Amino acid sequence: MDKNMSVEEKNESLILKDIININKNVKLSNFDWSSYELGLGLSKEEQEERKKIEKLYSDTISSIHEFYIYNGKIIKIIDRNIVIDFGFKAEGVISLNEFRDEKKLPKVNDIIEVIVEKLDYKGRCIISYNKAKKLKYWEIIQEKFIKNEIIIFFVAARTKGGLIVVLFGIECFLPGSQIYIKPVKDFDFYVGKTMEGKIVKINNKKKNVVVSHKILIEKYIEIKKKKLISKLETGQVLRGIVKNITHYGSFIDIGGGIDGLCHITDISWVRIDHPSEKLEIGQTINFVILSIDKIKNRVQLGLKQLQSNPWNSLEDEIKKGKVVIGTVTVVTDYGAFVEIFPGVEGLVHVSEMSWAKKLRSSQYYVKIGDRIKVLILNYDISDQKMSLSLKRLTPNPWENIKTKYKMGSIHIVTVRSFTNFGVRLESKYKYKYKSKSKFKSELELELKFKSELEELEYLLYNDEISWIKKINNSINIYKKGDLVKLIVLGLDLITRKINFGSKQLIKNFWYENIIGSIHTGKIIKSFYKGAIIKFKKKNIKIFAPILKHGVKLKNPKFKIIYFNFKIKTFYVYHIL
């Protein structure tokens, strides 16, 4: 056997010789494959030799795994190919093109890492140097990402939205937003430079890597912030530059990368709608530190605290029960804020806007910018709170309601509408009001108060219309707009309802006809145990359960001996 033959060629030659010896005198059509597989017909020496060859092949092929990295030795370089022996009695070939990015070309006896891509049908190994290198680098990248270590990468080119960087020979993406803490306009400035950063995201499926340089700058600034914030104290006055303005406040640059927030409520003692009313971007001004959050590295600033607090000068200006004039600054569903002095506001709760039982939203009574009179109910200078009232500037109509609508008093009212249970009424006299106020808003407000004070409900129930008839529908008795005289039967201040009666103005027939009185009646209909009798003068019909036998049907006289007022039932006796 030729000494220059490779291991693979030697193995193939032995197998071929084995097959030739076994089938030397056998025709292919008569070849017994079962006997061949069992080794029948071979001498002991040939069978042992065959087992050695099979073991050699099985051990060699089974020990090689695809996509594993192995150390291989360069045994020869032929033309543009490199022959690698990686220790499994098998050799692989790699093209020299895979080493074109290396600084030095490989030499014989060099040890390199290769990856087995696959085994072909002949048992030969397809290997790669570049893929082994990339797999190794990918493992390093994974480790750096897990350990959150700082990495160094080379900026190869710019691309849409950022930069292409090379990390361990693998292209990664550096987004434009992750280059610096401020927006970067010129990406080309960074091309060809080496930068530090961290891996922030890995997509194992697509083999994508996202890196960031900004994260290191932020960490440095954060450390610097903590060091500076540790030296700050509450109440300290700092000079800062207005950096940004939002609807809820302004961000102030106080140096060292620290931006403090001055909330809109801390800009001025006078209520403002937007911080731009008092501040401008780029303006340099003094602020006082109100609070410091050393955990989140946040600073709360105040501007109005450097000015005199208007609440501190109110001792001689306000007192409970004093009437003042103010401007409505804020209107909500629960009330309205009124500025009575510059920087001093009080709340008029909706319950203090009207004596009416059914309160509406405060927007019904006032609007922003109205100049109105209010009564100071109470105040707390330390808490800077004040309660005001509108309704207490007008008399409480419910205090004198019992005097106006006494039990048994008679009033003339107007029929307003009809219900199933009776009639809804209203006052005969419409309210007429002329205000001498110089404020238009005050005139409108007082008119609203007066209209709501007329919410007192006047009711006349069907049962209170007639002593005699049972009224089921009052629309048959009255019509809308009728003026009727009624008597007060009851007043409920909680529900603010007045119950009137009509029949009480007429003498009660039932009380007049006491026991023993005699009346002329006419028998309309007789029954076995009584009769229906009509009293002529009173024009009423009653049921007489007791009737004397043989009563004449024409003008008989009856004497009342008993009656039940609740069910209006009479017991009468016929007088002969």
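Mentor: Let us begin with burial. A residue is called buried under 20% relative accessible area, exposed over 50%, and partly exposed in between, using a 1.4 Å probe and protein chains only. This is a predicted model, in which local features need pLDDT of at least 70 and side-chain atom pairs count only at pLDDT 80 or more, whereas totals for chains, interfaces and linings use all residues. Residues are numbered from 1 along each chain as its sequence is written, and side-chain values use heavy atoms, with hydrogens and water left out.

Trainee: Is N309 buried or exposed?

Mentor: N309 is buried, because its relative accessible area is 14%. Helices (H or I, at least four residues) and strands (E, at least two) are DSSP runs, numbered from the N terminus. In those terms, N309 belongs to the loop between β15 and β16 (323-331).

Trainee: Which residues is N309 in contact with?

Mentor: Contact means heavy atoms within 4.5 Å. With neighbours within four places in sequence left aside, N309 is in contact with W269 and Q384. Q384 lies in the loop between β19 (371-380) and β20 (385-389). Q384 counts as partly exposed because its relative accessibility is 30%. Its phi is near 55 degrees, a positive value in a residue other than glycine.

Trainee: Which other residue has a positive phi although it is not a glycine?

Mentor: F168 is one of them, with a positive phi of about 55 degrees. F168 is found in the loop between β7 (162-167) and β8. F168 is partly exposed, because its relative accessible area is 29%.

Trainee: What does P175 touch?

Mentor: Not counting residues up to four places away in sequence, P175 touches G161, G162, V210 and V211. P175 lies in strand β8 (residues 170-175), and P175 counts as buried because its relative accessibility is 15%. P175 and H213 are 38 residues apart in sequence, and their C-alpha atoms are 9.5 Å apart in space.

Trainee: How is the pairing of strands to be read?

Mentor: Strands of a sheet pair through backbone hydrogen bonds, either parallel or antiparallel. Two strands pair if DSSP finds at least two bridges between them. Here a closed barrel of five strands runs β11-β12-β13-β15-β14, with mixed pairing. On average, neighbouring strands of this sheet are turned by 50 degrees against each other, direction ignored.

Trainee: In which sense do β14 and β15 pair?

Mentor: Strand β14 (residues 284-293) and strand β15 (residues 298-302) pair in the antiparallel sense over five bridges. I292 stands opposite V299, and S291 has Q300 as its bridge partner. The two strands form a hairpin with four residues between them, and N297 in the turn has a positive phi of about 55 degrees. By contrast, β13 and β15 pair in the parallel sense over two bridges, and C262 stands opposite L301 in β15.

Trainee: Which helix lies across β12, β13, β14 and β15?

Mentor: For such angles, axes are lines fitted to C-alpha atoms, for helices over the stretch in contact, and angles run from 0 to 180 degrees between N-to-C directions. Helix α5 (residues 214-229) lies across β12 (249-255), β13 (258-263), β14 and β15, and runs at about 60 degrees to β13.

Trainee: Where does another closed barrel of five strands run?

Mentor: This barrel runs β21-β22-β23-β25-β24, with mixed pairing. Its neighbouring strands are turned by 55 degrees against each other on average, direction ignored. Strand β21 (residues 410-418) and strand β22 (residues 422-427) pair in the antiparallel sense over five bridges, with V423 in β22 as the bridge partner of F418.

Trainee: How is the span of a helix judged?

Mentor: The expected span is 1.5 Å times one less than its number of residues. Helix α4 (residues 130-147) has 18 residues and reaches 26 Å from first to last C-alpha, close to the 26 Å expected. In α4, A132, W138, I141 and Q142 are buried. N148 follows α4, and its phi is positive, near 55 degrees.

Trainee: Where does pLDDT stay under 50?

Mentor: The predictor's confidence in each residue, from 0 to 100, is its pLDDT. Where pLDDT is low, the predicted coordinates should not be read in detail. It stays under 50 over residues 430-436, for which the model has seven contacts beyond four places in sequence. The protein averages a pLDDT of 77, and 76% of the residues score at least 70.
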